[in-house]
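I opened a new model today and kept notes as I went. Here is what I looked up, in the order I looked.

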Amino acid sequence: MESTSRKFSSNAREALGDSQLQRALSNVPSGFVNKRAKAAAALPEFEDLRDKGRDIKNHVLEHLDLYLEAYERRVIEAGGHVHWAASAADAQRIITEICQAHGAKTVTKGKSMISEEAGINAALERAGITPIETDLGEYIVQMRGETPSHLIAPAVHLNKDQIEADFRRVHDHLPKDRVLEEPASLVREAREVLRSKYLAADIGITGANFLIAETGTSVIVTNEGNGDLTQNLPKVHIALASIEKIVPTLEDASTLIRLLARSATGQEISTYTTFSTGPRRLGDLDGPNEYHVVLLDNGRSDMIGTEFQDMLRCIRCGACLNHCPVYQAVGGHAYGWVYSGPMGSVLTPSLIGVDEAGHLPNASTFCGRCEEVCPMRIPLPKMMRHWREREFEKHLTAKSIRSGLKVWNWFVARPELYHRVSGLAAKFIKARAGKRGRVSNLPFAGGWTKHRDLPSPQGKTFQAIWKERQKNG
Amino acid sequence: MSEKRKPRVGLFVTCLVDTFRPSVGLATVKLLELAGCKVEVPEKQTCCAQPAFNSGDSKSTRKIATNVIKMFEQYDYVVVPSGSCAAMIKIHYPELFTEGSGFRTRADELADKTYELVSFLSDVMKLKDTGAQFGRKVTYHDSCSGLRELKIHKQPRALLSKVDGLHLEEMADADVCCGFGGTFCVKYPDISNDMVTKKAANVTNSGAEVLLAGDLGCLLNIAGKLQREGSEIEIRHIAEVLAGETHIPAIGETDQ
């Protein structure tokens, strides 16, 4: 996927001016935020679980090579195939080759962010294979030629009436006078249209929420059951996952599953949690004849041992997006690449370079709400600051900020001069404010006064008043 | 309590209070003295280094922090009328120095005795009632650093509940960022504006006559927005109300 992260500022401005988008985004706080709060409050051991989850992933990241190899052995023992993809291009090639080897024409897909990251749909289309997204949100986004704007709610940037219009446009074989006003009727229609696609698909591709090393199992969680149909009905199932999805045991997967749904949607558990180990065995009633796992690195192993390693604990619940006031203001597409919100602001520079995605870790007030709700206790603000440090070292920080900072630091190191100048500034702004007590525009402060007044200083600085007071006893 | 045994408090006044609203500093001194402290103000203090720190300029940050540590380590306590500057010293200064180094130890020691004003009055000096009077309906904005880095939530509400005549009306999303964020508000003015617009609406919808908070950065931001929109809501730092210093004009207002 081509990145537009460099244009974050103008992307954001456009998003703020898009009334349809703003209407859709206004549902994020009441929906996700309140539900998560309720679910967390209802589980007394939720905070302990977060510690456990963090520890499990930290342990895995310290021994990732061992667990990956153990996982690979178990998959092969169960009759599956494991493919190692160092880059997105490798993953595209491997998956395309498997599809071509089976003469696949259509491929159904479960929801997978890693597939977005690796550009699998585009690669399949280039090879003449039709990918069909089966998650309702992904299906809508695909029909619009868009990308998902949220980790778990790909179409959260859309309103029901927009989706209805898309269904009428694309499902043009259905009666024009059908009633589609209720969300339930949209779901019913999508389900009917997709049913035949499941049956016709040659191959099913899913992501994986977890890969279990002790059993060689891939796990997906969904609320629609589309993932199950995607991986069980076609003859071949390909699970595409990034290497940090590994957990040591079934018990560990259970711990993380308890955190995932509560943090994501406020559910105790997702409607479907599906464990896949190898292809169909003798006597199995269903399941694929072939089971492939594609393990994608794409820059992640380079994060290990750096100040960004903790980011690899992320389980993609979306809680940081939901709670982020910047995400709530601009939505996911403004971030310009696959991942958005606080997790995207940390992960994207790791994957496509800080030169390209440098805006993202800067577009934060460090309000800390993301870290407060992250089930894996990832210190997101701290890592955004680490990116800013890298940018500063590489001279990528905006020139105006850099020179402003230089002047400020120079004064700060010279207290007497600093106090004289701050005293003058206080007097100057107060004089400009006059009887009003505030100014509506000020030289060099356009960023501030474009949208708000600047309250006037009281006139004297605290230091000046304090000095007088000490003198007069 | 004899003069000798009074804790010596170094007041870190913050650059914004120093330049924009010295009355907050004076109210802070009054409250600290009421709580039984002896207050001193190192005259060479300037900035806590947040602008450098949040812009990724580690070298300048360390330099400024080193000066602050040297200037303030002599006191029993360091008190700051701001959650974000207090958190800078209390949480982030130690992170700046390598574990085991001399300055790390000194940063750790300073961090241990540094407090945001209201939490210091409540948690350390066990002050329950400041004896102030303010017969108004107020709402309180939790600034992000104070709330999430320093866990300040109950303390301001407890002290406000003892102010004679004051009625606290909680606003929706009191814990959501106002969009100030230091340099953020000028780097991304449109996003900042969206955030402060939502905050101003929540303040207005609370029905309160007065907005209080513990950080002048947030207050200048929200005041600037409310007043640009023509709102009549009065905006003050919580220290002014707790100290009974509400006769002076509120933020962005004059007595003329």
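The model is predicted, with local features needing pLDDT of at least 70 and side-chain atom pairs pLDDT 80 or more, while totals for chains, interfaces and linings use all residues. Residues are numbered from 1 along each chain as its sequence is written, and chains are lettered from A and ligands numbered from 1 in the order in which they are written.

**Entry 1: a helix pair in chain A**

I took helices (H or I, at least four residues) and strands (E, at least two) as DSSP runs, numbered from the N terminus. Which residues of α4(A) meet α13(A)? I found A:Phe46, A:Leu49, A:Arg50, A:Lys52, A:Gly53 and A:Ile56. Across from them sit A:Asp252, A:Thr255, A:Leu256, A:Arg258, A:Leu259 and A:Arg262 of α13(A). By class, this contact has five nonpolar, two polar and five charged residues. For the classes, Ala, Val, Leu, Ile, Met, Phe, Trp, Tyr, Cys and Pro are nonpolar, Asp, Glu, Lys and Arg charged, and the others, Gly among them, polar.

I then checked the geometry. Helix α4 (residues 46-62) of chain A and helix α13 (residues 250-264) of chain A pack at about 125°, their axes 10 Å apart. Axes are lines fitted to C-alpha atoms, for helices over the stretch in contact, and angles run from 0 to 180 degrees between N-to-C directions.

**Entry 2: the sheet in chain A**

I traced six strands of chain A in an open sheet, ordered β1-β10-β7-β4-β2-β3, with parallel pairing. Strands pair if DSSP finds at least two bridges between them. β1 (81-85) and β3 (130-133) of chain A have a single partner strand each, so one side of each lacks a neighbour in the sheet. Five bridges join β1(A) to β10 (residues 290-296) of chain A. I noted that A:Val82 has A:Val293 in β10(A) as its bridge partner.

**Entry 3: chain B**

How many residues of chain B are in contact with chain A? I read 58, against 51 residues of chain A. The chain B side divides into 26 nonpolar, 19 polar and 13 charged residues.

Chain B has domain 1 (3-123) and domain 2 (128-242), with bounds from an automatic or database domain assignment. Their centres, taken over C-alpha atoms, are 22 Å apart. The contact between them takes 30 residues from domain 1 of chain B and 23 from domain 2 of chain B.

How values were computed. Two residues are in contact if their C-beta atoms, placed from the backbone, lie within 7 Å.
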